[in-house]
Amino acid sequence: MAVHTTLSYRFFLSIALLSILAAVSEPTDLTTELVSLRSSSESGVIRLNDVSKFITSVATPRPYSLIIFFNSIDLNSNPLQNFRREFGFVSASFISNNKNRSDVTNKLFFCEIDSSDSESFHRFGIQSLPQICLVDPSMENLRHHERGMMEEADVDGTAESVAEFVESRTKLTVGPIHRPPLLSKTQIGVIASLIAISAPFLIKKFLKGETFLHDSRFWQYGAVLVYFFSVSGTMHNIINSIPMYLRDPEDSNRLVFFYEEPEIQLGAEALSVGLLYTGVGLLLAYVTDALVRVRNVNEQRVAMVLVMVVSFLAVKRVVYLNNWKTGYQIQMYWPSSWQ
Amino acid sequence: MATQESPPPGTSSAMRNAFGTVLSALILLLIGVLAFSIRLFSVIKYESVIHEFDPYFNYRVTQFLSKNGIYEFWNWFDDRTWYPLGRVIGGTVYPGLTLTAGTIWWALNAINIPLSVETVCVFTAPVFSAFASWATYLLTKEVKGSGAGLAAAALLAMVPSYISRSVAGSYDNEAVAIFALIFTFYLYIKTLNTGSLFYATLNALTYFYMVCSWGGYTFIINLIPMHVLLCIVTGRYSPRLYIAYAPLVVLGTLLAALVPVVGFNAVLTSEHFASFLVFIIIHVVALVYYIKGILSPKMFKVAVTLVVSIGLVVCLIVVAVLVALVASSPTGGWSGRSLSLLDPTYASKYIPIIASVSEHQPPTWPSYFMDINVLAFLVPAGIIACFSPLSDASSFVVLYIVMSVYFSGVMVRLMLVLAPAACIMSGIALSQAFDVFTASIKYQLGRSSNSKDDAEDNTSTNNAPKDDSSSGKTDKGEEVAKERSSKKGKKKEREPADKPSVKSKIAKKRALVLPLEASIVALLLLIMLGAFYVIHCVWAAAEAYSAPSIVLTSQSRDGLHVFDDFRESYAWLSHNTDVDDKVASWWDYGYQTTAMANRTVIVDNNTWNNTHIATVGTAMSSPEKAAWEIFNSLDVKYVLVVFGGLIGYPSDDINKFLWMVRIGGGVFPHIKEADYLRDGQYRIDSEATPTMLNCLMYKLSYYRFVETDGKAYDRVRRTEIGKKNFKLTHFEEVFTSHHWMVRIYKLKPQKNRIRGRAKKLKLKTSSGLDSKPAKKNPWI
């Protein structure tokens, strides 16, 4: 292996010397072309349509490195596009951090290849996404590029990881990552001026007590809603990003809505049980608050029977689901002679 | 019941009130007895011992306090833990619980009742649960009358969530803190309803007690300002609100700063900033109202512009200062645990030591059913009831339930704070439902007689048989409670706020009735629901929450098995090792080792120093030699591991091991979680990674395990282990408990490293002899 490396190294060296002597103009042309391509893109990421032109048909060592993000717009995957955006931030930060140093910025170009260009994907041997590959000046065989591939553990979708990867491999500094602020300056200005203009009116309304904040119904619905979401364990689902339902691994047409383990719950399950929890209480409140005002006795009777049946079934259902899910069976403590 | 039926029709209302008071007192007494006795299952089923982990530390501190007095306690530097750093106990504990139990012990001894400190500690929590249910009665009475109050108190006396933290032997901060929390809220509402400075002062004092008892006091100091803000925003400002709030902030903050563990945090951390901001706002608003009072409407309009603009400017400046302050501190001024409440993903991302504790995880819906049971159904009705009509007090409990239910959704541990709110809400809902149904029955039955008084008296007689039909004795309490609320409570409750409207409302209510038979069925259904709650709570208290976790039992076909391995091992340590020997174990067992074995530990459950814990984690995750070096550098002589593979005890060290790796890897990057996982799966069988099979934790847990059954089958992981026959090079087994749950190893002496070099060996032995007397007492 060592012999091979030194041999190939010597070979590259001689080729490099030769190419510098023979065809000095060609790579610099390519660099200027890349620079112009880069300046036409907003974040500085070049859409690489012609792999052979910039990589394979250029004699090594090339005067530049390329870092390539393999993208797939057709896949329509949110995490992938978020990662692509982060990649764009790294590119933009790299350019702006090294603004006056063309010797640095012309060493590294951020590129992107879409899966529609299946030939390039094949050339790089890309099997899974997201994937980032660094083509350094000396790389020849694109399929054996373990050195240039970003490790799977490092591909965590943040701009910082990409920057770290770039810095460790190219010895170029990316510098701090500049993310665009949540709101642009003009947006902030518009919002601030809107607030400034509306403030007197709002304050006047507020002092008169005419806002929605003074309407107790707003607070009532709000309170019940918060209760509903909390008691169904929505936070658990948000934090662990749990799906609404699963597909049965044995039968892909069957959907699984309820999961038999107390530590885990699916989204649909949580919401339905939360609805049962909240529904019974609301029905009780309906009977004691609204139904008593109804004048027609028969109407009251029918409504009450309905409410009682629904509540009874709801409570029974929750108790059943709970016993099924947790595996607990509550002891009833009947006298021993009854059993 | 006899007392109830005795008053003949036409008795004066004073007489009825007297009966009501006596009956309420009796019911409250019974609720107290219930709250105390339902928590004794642990003593009856096991024995009178301190439970779990943290209570052992509190017990040790209480022992120290009772032996050495309060001044020694404040200055106590504990050299038996966090070796070699030590820990300043007096300045880092919430002293409320310890002082409470210490005072009780002292008072009992002063009147010649010679109880041991341990007995006092064991029964502190049940006693305070009774106090907490009485406080709940007072609080709910202020909100919706004494009927709702009694119902809420009965519910709280046995709510499983609270039982889980306050069974006899569970000697932890929450035991007294929940009482303090509810009582603080009660005094706040009482002040709000009466506008009395006396109650405001008391409120600040109970807040001080709460600060002494539990870090959860930040919930109070954020909830009350929020309520004040809410009142102001919805146009409910009144001088009573000012009196309820301003003294609390001033006195409360001053008193809170007296507690050493809080100190200047009471004014410096952003958990407290909300209260100061609202303090400013309420003054601005008070000024506006004052000016409005002394000026003519026209003049006021002129003045309002001026005052509002000044007030806005002041607020803006304060907000800017606060933002700057918050932004300048590294975590934004928020401690990790509080941050994880606002951004729930924070802890799991950045602080493994918080994420590793199971009680910091968000709960799923069965947790709610387990912990508050049928109250989960009743709370929405209580919320609606609080809005008709909305008063200052009822808006407070609504805010309380909303906040606590949100926080409980983030962290399962805070279910404890939700429980009182859920009980109050459910008490209100039940009270209102019983009120409506019994009033309907009374009205329908007594329609023939036109006299209102007759109808009213009928309630009591009508209710009596229904009470007997109910199965649980607490249901009786609840039902009687309803009755009271229909009569006396309604009159008393909103006296300061809207007195005139109450009478007309009662008159109106007369006509608001439901059909007779439907009401009876509804009543029966509610009673069934209550009965189910009682059964669930008794079951939870008896089966789920009474295990002391220091003694374990299991029921099998051939009878009851008792696993007393922990105490066996701690006793072994205290009898067979030198007083100054250092024992290393995972932090879970630190408190128990210091309290029961009286040996110095490296880390304990007070997880204040992440690096130190990471060092132990790294040692456990390293190969034998590297681990020996780490432990040796910490002067450790014995290593204790907990192993459940033989009897199937699931919370052993092998199951906690990945957290040791994570926490260790967080500080020492050469420990990588991926090295211990095969394809992302944690396994200890033949598929396990070599790193896993060679780490110290694996070796100490499974050393000689194959000798037990010949196959080395792990009953927790349900598999045969990967590496069965191996020898230890740097550690030697000195003790393994009866069921192999605790295994203690001794670090082999250093001479192994220089074997074969006679000269050095000689030198070594001589120096070893020299060092022996010095080693005896390295810390004095």
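Trainee: How many residue pairs are in polar contact between chain A and chain B?

Mentor: This is a predicted model, where local features need pLDDT of at least 70 and side-chain atom pairs count only at pLDDT 80 or more. Side-chain values use heavy atoms, without hydrogens and water. A polar contact is a pair of N or O atoms within 3.5 Å; within protein, one must be able to donate a hydrogen and the other to accept it, and residues adjacent in sequence count only if both atoms are side-chain atoms. Between chain A and chain B, with both residues at pLDDT 80 or more, the count of such residue pairs is 11.

Trainee: Which helix gives the largest share of the side of chain A that touches chain B?

Mentor: Helices here are DSSP runs of H or I, at least four residues, numbered from the N terminus. Among the elements that give two or more residues to this side are helix 8 (185-208) and helix 12 (297-326) of chain A. The largest share, 14 residues, comes from helix 11 of chain A.

Trainee: Which residue of chain A meets E517(B) in a salt bridge?

Mentor: A salt bridge puts a side-chain nitrogen of Lys or Arg within 4 Å of a carboxyl oxygen of Asp or Glu. Chain A and chain B have 1 salt bridge between them. Its N to O distance is 2.5 Å, and the partner of E517(B) is R301(A).

Trainee: How many disulfides are there over all chains?

Mentor: A disulfide needs two cysteine sulfur atoms within 2.5 Å. The sulfur of C537(B) is too far for a bond, because the closest cysteine sulfur, in C423(B), is 8.5 Å away. Over all chains, the number of disulfides found is 0.

Notes:
Residues numbered from 1 in each chain as written. Chains lettered and ligands numbered in written order.
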